[in-house]
Amino acid sequence: MKHANVEEPAEDFAAVNPAGIQGSIAGYSRDSYAGRTSQKSGKGGRVALITFGIFAAIAGAAYGAGAYYFGNHFYPNTTMGPLDLSLATHEEVISQIEDVESNYSINVKGEGIDFNITSADGGIDLDAESVVKAAADTVDKWKWPVQVMDDHDLTEVLVASSSGDVLSGYVAEQVATFNEPQTVSEDAYITYKDAEDAFVIVDEVYGTQINPDAVLAKVESAIVTLDETCEVTEDDLIKPQVLATDETLVANCQAANDIVACDALLVSDVTGAEIARVNADVVSQWVVFDESGVPSLDEAAMTEWASGLADGMSTIGTERTYERPDGKTVTVSGGDYGWSISSDAIVEAVTDSVLNNVSGEVDIEATSSGNGYVSENRDWGSWVDVDLSEQHAYLYDASGNLLWDSPIITGKTDGHQTPTGVYYLKAHQTNVVLKGQIDPETNEPEYESHVEYWMPFIGNAVGLHDAPWQSDAAFADPNAYTYRGSHGCVNLPPSKAEALFGLIDVGICVVSHY
């Protein structure tokens with residue numbers, strides 16, 4: 001039969017039924033129509049299967065070839081910082097990076113500054129092989145059919161390193177040179193203004209100096225990705241940290257003005273003399289601000305001021321020049337009479353006045369006082385004037401009226417001269433025995449003298465007293481002290497001593513002078 005001679009692929013057919021050839025022929029002869037239909041259907045399936053296999057083989061080969069290719073190449077549209085890695089081999093990229101590194105330079109510019117940093121300047125070093133290896137690890141070659149059309153940015157694996165000391169030193173040097181002529185930024189601060197008698201806030205100053213740390217941070221960030229420019233902006237300027245509107249600064253300024261609000265007049269409670277005025281100008285010199293800007297009184301500064309004031313107010317031992325009522329000008333210094341004020345008392349009074357914002361007079365108690373206060377140079381009332389050059393003594397009242405006078409004989413010139421100075425009377429006694437120093441040979445006093453009226457003004461050793469052993473002629477001789485002088489005391493005729501004793505008392509001023 002004609003149809004029995006149609007050739008079929010022997011291996012395909014045998015593969016389907018290698019032992020059933022005869023059965024198939026026999027079956028076909030029994031039903032030729034059915035056999036023809038079955039042959040057509042089997043042939044079409046086998047063709048489709050073959051076609052699919054061919055395409056699968058081609059596709060597999062293509063996929064494998066792509067995976068192999070992208071095992072050493074980067075995908076299209078791949079960048080790394082300034083580098084285009086599209087379809088480049090790993091070796092080519094290594095070469096690119098090394099070339100960029102050797103020629104790399106970054107320009108730092110903005111806000112007036114402009115300088116370049118080369119690889120040598122910044123100690124920049126890039127391990128190209130490590131960078132490429134890290135970049136290659138991000139490429140999944142088996143997904144190339146999916147990722148080949150995507151964009152790939154591998155900048156994050158590009159890490160350029162630099163020698164920190166070299167780079168920071170270079171940037172610091174460049175910025176320092178730029179900053180030298182620039183305006184310095186200043187914080188707002190509190191200061192005392194004399195014209196306003198108050199503390200005021202001075203506004204902050206915005207300068208033009210650049211912060212080297214800010215520039216260095218930007219440069220380091222740019223170098224990481226091998227950027228060739230680094231822009232310095234206004235944000236990189238050194239700015240004041242404390243503004244005039246700062247709430248804490250405003251509060252501290254008000255607190256300082258609360259401290260200087262007093263206006264106290266310090267007055268000696270004994271003499272009535274004005275010692276000093278404590279107002280804003282004075283107190284402002286004692287106001288200090290701690291690290292937080294909180295104001296307070298500097299006790300050390302106050303004590304120093306008070307000590308100077310007390311020293312200036314003390315008249316004890318100071319030189320006085322005054323005109324005696326009879327017209328003689330006397331200059332004398334030394335002695336223990338005078339006025340003094342304790343610096344501690346001044347500090348205490350001032351502190352209380354400042355803290356309580358006192359206005360008005362504040363009495364300061366004197367620690368040492370005299371018997372009157374006429375002027376700065378005559379800080380006593382009534383006084384006994386012992387004139388060593390005239391060998392005469394006078395008693396004046398506070399108004400300068402002469403109440404008593406007498407010739408005197410004072411200490412010898414052999415080392416027993418009567419001391420000069422301004423003193424006060426220490427005692428007021430009668431019936432006293434005056435004794436000299438003990439003679440080492442006799443173990444007895446050098447002298448023993450009985451006096452009726454004893455009025456010492458230097459300790460209990462030198463004083464005014466009656467001297468009945470002196471003759472009237474001696475008292476009449478102004479030079480008697482040279483040959484009949486005392487051991488330092490002021491000898492008086494007995495009647496004059498008695499009269500003086502009745503006119504004075506302990507505390508009266510005694511001025512001994514030439």
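The buried residues of helix 4 are covered by elements including strand 1 (78-80), strand 2 (83-84), helix 5 (119-122), strand 5 (124-125) and helix 6 (128-136). This is a predicted model. The notes below start with helix 4.

**Helix 4**

- Helix 4 runs over residues 90-102 and has 13 residues.
- From first C-alpha to last, helix 4 reaches 19 Å, close to the 18 Å expected at 1.5 Å a residue.
- Its buried residues are His 90, Val 93, Ile 94, Ile 97 and Glu 101.
- These residues sit on the same side of helix 4, because they cover an arc of only 105° around the axis.
- Glu 91 and Ser 102 are exposed on the other side of helix 4.

**Nonpolar cores**

- The largest nonpolar core has 44 residues.
- Met 80, Ile 97 and Ile 117 have the most contacts inside this core.
- Two or more residues come from each of helix 4, strand 3 (105-110), strand 4 (113-118), helix 6, helix 8 (164-179) and helix 9 (212-224).
- Another core, of 34 residues, lies apart from the largest one. Among its residues are Val 260, Val 278, Leu 297 and Val 350.
- In soluble globular proteins, nonpolar side chains tend to be buried together.
- Leaving aside neighbours within four places in sequence, Ile 117 is in contact with Tyr 104, Ser 105, Ile 106, Val 108, Gly 122, Leu 167, Tyr 170, Val 171 and Val 219.

- Strand 21 (residues 392-396) pairs with strand 22 (residues 402-407) in the antiparallel sense, over 5 bridges.
- Ala 393 has Ser 406, in strand 22, as its bridge partner.
- The hairpin has 5 residues between the strands. Gly 400 in this hairpin takes a positive phi near 95°.

- Most residues other than glycine have a negative phi.
- Glu 111 is not a glycine, yet has a positive phi of about 55°. Glu 111 lies in the loop between strand 3 and strand 4.
- Glu 111 has a relative accessible area of 38%, so it counts as partly exposed.
- Gln 391 also has a positive phi of about 55° without being a glycine. Its place is the loop between strand 20 (383-387) and strand 21.
- Gln 391 is buried, because its relative accessible area is 3%, and the cut-off for buried is under 20%.

**Asn 252**

- Asn 252 is found in helix 10 (residues 247-259).
- At 9% relative accessibility, Asn 252 is buried.
- Leaving aside neighbours within four places in sequence, Asn 252 is in contact with Ile 190, Phe 289, Ser 292, Gly 293, Val 294 and Pro 295.

**Cysteines**

- A search of the whole structure finds 0 disulfides.
- Cys 262 is buried, at a relative accessible area of 2%.
- Cys 489 is buried as well, at 8%.

Methods: Residues are numbered from 1 along each chain as its sequence is written. This is a predicted model: local features need pLDDT of at least 70, side-chain atom pairs count only at pLDDT 80 or more; totals for chains, interfaces and linings use all residues. Side-chain values use heavy atoms; hydrogens and water are left out. Helices (H or I, at least four residues) and strands (E, at least two) are DSSP runs, numbered from the N terminus. Buried means under 20% relative accessible area, exposed over 50%, partly exposed in between (1.4 Å probe, protein chains only). Contact means heavy atoms within 4.5 Å. Two strands pair if DSSP finds at least two bridges between them. The expected span of a helix is 1.5 Å times one less than its number of residues. The arc is that of the directions from the helix axis to the C-beta atoms. A disulfide is a pair of cysteine sulfur atoms within 2.5 Å. A nonpolar core is a set of buried Ala, Val, Leu, Ile, Met, Phe, Trp, Tyr and Cys residues joined through side-chain atoms within 4.5 Å.
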